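Subject: Structure handover

Dear colleague,

I am passing on the structure we discussed, with notes on what came out of going through it. Please read the notes with the coordinates open.

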Amino acid sequence: MKANSRRVEVKTLHLLVEWMSVPQVTMEEEEKERGRNVFLGESPSLSSNDAPLPSQLGLNLAPPLNTPETSPSPSGLLSLPWEMVARIASHLPAQCVINVLPQVCRALGEVGEDTSAWQLRAHRLTGPKTSFPVGLRDNFDWPTACLEMEQLMERWAGQEEWAARQRVAQVQEAEGEQEMEEVPEQDDADEEGEEAVGAVNGAAREAVMEPDRHQALQEDVEDLPVRHREGEEGDNNAAPIIRDEGRENGIAGGVAEDGQNYQNHPEGVGGDQRQDNGNLEDMMDEGADEGAVTDPPPDRSPSPPPALEHITLPSGHIADVNSVLLVGGEGVVCASGSRDRNVNLWDLRRGPRGVLLRTLGGRGLFSTHRGWVWCLAANGPLLASGSFDSTVRLWDLEAGGTERGLIRGRAAVLCLSCQADTLLAGSHDQKVSIYDTRAAEPLVKSLRLHGDAVLCLASDEQYILSGSKDNTVAVFDRRAGRLLQKVQLKSYLLSMSYSGREVWAGDNHGLVHTFSMNDGYFKSIAQFNVGHSLLVTGVHHSPGTLYTCSSDRTIKVHLPCAPPKTLCTLHHQAGVNGLSVEAGVLAIASGDMNVEVWRPRQ
C-alpha cells in the first residue's frame, strides 16, 4: 500500500512538472514576432480600437536603463484558477502537500495554507454523515488532523482481517497436528475427512468465542489483601479491583440509561468493517458448509502483510499488567507496570520481539514497589510509577532507570499526570495531590475535589481535569488556584485523554464521552457507543486519531469524528487494562501478563 501511494505521489509530481514546463507566449515574445513580420513586409492588420505600436509610427523609444524588469506571467499549472490548483492538490497525500509542494515553489506551497481545502479533505475522509472536529473549529490544526487520519487509515485498514486469518490458520494447524495424533485410523476415508473438517471449524469458532479468563481472574483476586507498609492507614484495603466494580451495572452494548447516546455504525475503509464476533462466526459457518467437499482447495498466493507488525514482548511479568507507557518520543522504549509489583523497561528496537532492559528497583527492594503498580506517567527523562503501596517512585530514564526520588502518600495511587516539573496524583482517599519533583519536600498542595476515589487525570499548563468514582468530572484552574467547574455524569470515567481543546474519556458502561474546553469553560458534547460492552480502560486521542480499549477483550481504532468511525477492532484473549500510543506505535497492557505492540513494519 505504501508503494502504491508513493507511485501515485511521484506520478502526480511528474504531472505537475510537465504542466509547469508547458511553453507560454509572453508579451516580449509577441513583440518580437510582430517586429519579425514588419521586417518581412507583413504589416499587421489593426482594428479601429487598436492603438498603433511605436515601431509602426517610426519612433525608436528604448526603455530607460533604470526601469525594473517585469516579472514573467504565470505559466503552466500556476496559470490555472486557484480553485483548480487546490482541487488537483487535494488528490495528493497530505504528506506530499505538507512536505513536498513547498519545495517545488512558493506558490504551490501556499496550497497547504488553504484551510477550506483541508476541511474538504477531512470531510472526505470521515464521510458525509459525520461531524469533524467534535469540538471547536477555531484554530484547529487541520493539516495535522488530515495527515494523521490518512496514516491511520493506511496502517490499520485490513489489520483486523489479517489478524483473524492468522488466528484461524494457527488454530487449524494446531488442531490438524492434534488430529494426526489422537484420531484412530478408520476404514471409511470419506467419513474421516468430514470429521477432521468439522473439528477444525469447531476449534476455530471456540478460539474466537473463548471464555473471558480475565473476568474470572479478577473475581478470584478480589479476595486478595493489598499489602501495605506498617503504620499506614488500613482504609486502603477498600481499593482492590476498582475497575471490576460497575460490572453488574454495565449496560449491554454500552447504551446509557436515558438512551441519549449515539449508536456507531462504522462504514469502514473500502467496505463494511467487522465490529464483533458475529460477523466472524458467519464467515466460519460459511467455511464449515464448504468443508463438506473432500477435494483440497487450490493453492492461493498469500496476501501481502499489513502495514503494522504485531509482536508480544518476551515474558517479563508474572501477574496481570495494569499499565503501559511508551516513552522517549519515538515509540522505541516501553514501560510496563504489573500486579507483580514491578515496573519493566523494554527496548522495542532490539531483536524481533523487543528486549527487556531492566526491572526498576531501589536499594533494599526485591521489587519496584510493595504493592500493585497501577499507573505510569512520564515527562522527558522522568518516569513516575504509582502503586497500591501509597507511594510514587521517580526514575531517571537518561541514567538507565535509576531511582530519582520517592513520594509517600496516605492512600493507594490510582492515576498520574506529569507536566514539566509538576506531578499530579489521584488517590483512593478522594484527593488530587500536586508535587514538585525537584523539591526535597515535594508536596505542594492537596485538593479534595471529589467525594470518592479519583480514577483518571489529565492536565496541561493551566487546567487539571479529574474524574472520580462519584460520577463527576472536576476542572481546576492551576493559575487561579480554584475549582472552576464540576460536571455530574450518570457513570464514572476510568480513562481520559486531553488534546488541544478536546477531551475524550471512557466510562464503566462501555461508552466514550467527549468534552470541549474553551477559555476555562468545560462542556459535555456527546457520548458514543463505539462497540465496547464493559469498562473502557484506555483512551488515546490526537487531532486525527482515536484509540480505545476495554475489559471486554477488544482494542478499537477510530477516526475522531462524531460519531467515531471505527477502522479496526482487534479481539484479545484476555481483558485489556490500558494502552499507550506514540509515533504510530500502539502498546497494550494485557490481563494475561503480557505487553503487546503494533508498530509500523520496517
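Overall

Please keep in mind that this is a predicted model. The chain contains 12 helices and 29 strands. Of its 602 residues, 48% are buried. Taking contacts between residues at least 6 apart in sequence, 53% of them join residues at least 24 apart.

Helix pair α7 and α8

Helix α7 covers residues 115-126 and helix α8 covers residues 142-156. Their axes come within 9 Å and cross at roughly 30°. An angle under 35 degrees counts as roughly parallel, and α7 and α8 are therefore described as roughly parallel to each other. The crossing of α7 past α8 is left-handed. On the α7 side the contact is made by T115, W118, Q119, R121, A122, L125 and T126. On the α8 side the residues are W142, P143, C146, M149, E150 and M153. Sorted by class, this contact has 8 nonpolar, 3 polar and 2 charged residues.

Sheet β11 to β14

Four strands form an open sheet in the order β11-β12-β13-β14, with antiparallel pairing. Its edge strands are β11 (413-419) and β14, each of which pairs on one side only. Neighbouring strands here are turned by 20° against each other on average, ignoring direction. Within the sheet, β13 (residues 431-436) and β14 are joined in the antiparallel sense over 5 bridges. Y435 is found opposite L443 of β14 in this pairing.

Sheet β15 to β18

A further open sheet of 4 strands runs in the order β15-β16-β17-β18, again with antiparallel pairing. The edges are taken by β15 (454-459) and β18 (482-488); each has a single partner strand, so one side of each has no neighbour in the sheet. Strand β16 (residues 463-468) pairs with strand β17 (residues 472-477) over 5 bridges in the antiparallel sense. L465 has V475 in β17 as its bridge partner.

Two hairpins

Strands β9 (residues 391-396) and β10 (residues 402-408) pair in the antiparallel sense over 6 bridges. W395 faces E403 of β10 across this pairing. The two strands β9 and β10 form a hairpin with 5 residues between them. In its turn, G400 has a positive phi of about 80°.

The other hairpin is formed by β19 and β20, with 2 residues between them. Here G500 is the turn residue with a positive phi, of about 65°. The antiparallel pairing of β19 and β20 has 6 bridges, and M496 has A505 in β20 as its bridge partner. Strand β19 (residues 493-499) has 7 of its 7 residues buried, so the strand is largely enclosed by the rest of the structure.

Two loop residues

H450 sits in the loop between β14 (443-448) and β15. Is H450 buried or exposed? Its relative accessibility is 5%, and the cut-off for buried is under 20%, so H450 counts as buried. Leaving out residues up to four places away in sequence, H450 touches Q430, S466, G467, S468, D470, T472, V473, A474 and K486. Among these contacts are S466, G467 and S468, and strand β16 spans residues 463-468. T472, V473 and A474 are also in the list, and strand β17 spans residues 472-477. H450 and N471 are 21 residues apart along the chain, and their C-alpha atoms are separated by 9.2 Å.

L511 belongs to the loop between β20 (502-507) and β21 (512-518). With a relative accessible area of 1%, L511 is buried. L511 and H532 are 21 residues apart in sequence, with a C-alpha to C-alpha distance of 7.0 Å.

Where to look

Best regards

How values were computed:
Residues are numbered from 1 along each chain as its sequence is written. This is a predicted model: local features need pLDDT of at least 70, side-chain atom pairs count only at pLDDT 80 or more; totals for chains, interfaces and linings use all residues. Side-chain values use heavy atoms; hydrogens and water are left out. Two strands pair if DSSP finds at least two bridges between them. Axes are lines fitted to C-alpha atoms, for helices over the stretch in contact, and angles run from 0 to 180 degrees between N-to-C directions. Angles under 35 degrees count as roughly parallel, over 145 as roughly antiparallel, 65 to 115 as roughly perpendicular and the rest as oblique. A crossing is left-handed if the near helix is turned anticlockwise from the far one by less than a right angle, and right-handed if clockwise. Contact means heavy atoms within 4.5 Å. Ala, Val, Leu, Ile, Met, Phe, Trp, Tyr, Cys and Pro count as nonpolar, Asp, Glu, Lys and Arg as charged, and the others, Gly among them, as polar. Buried means under 20% relative accessible area, exposed over 50%, partly exposed in between (1.4 Å probe, protein chains only).
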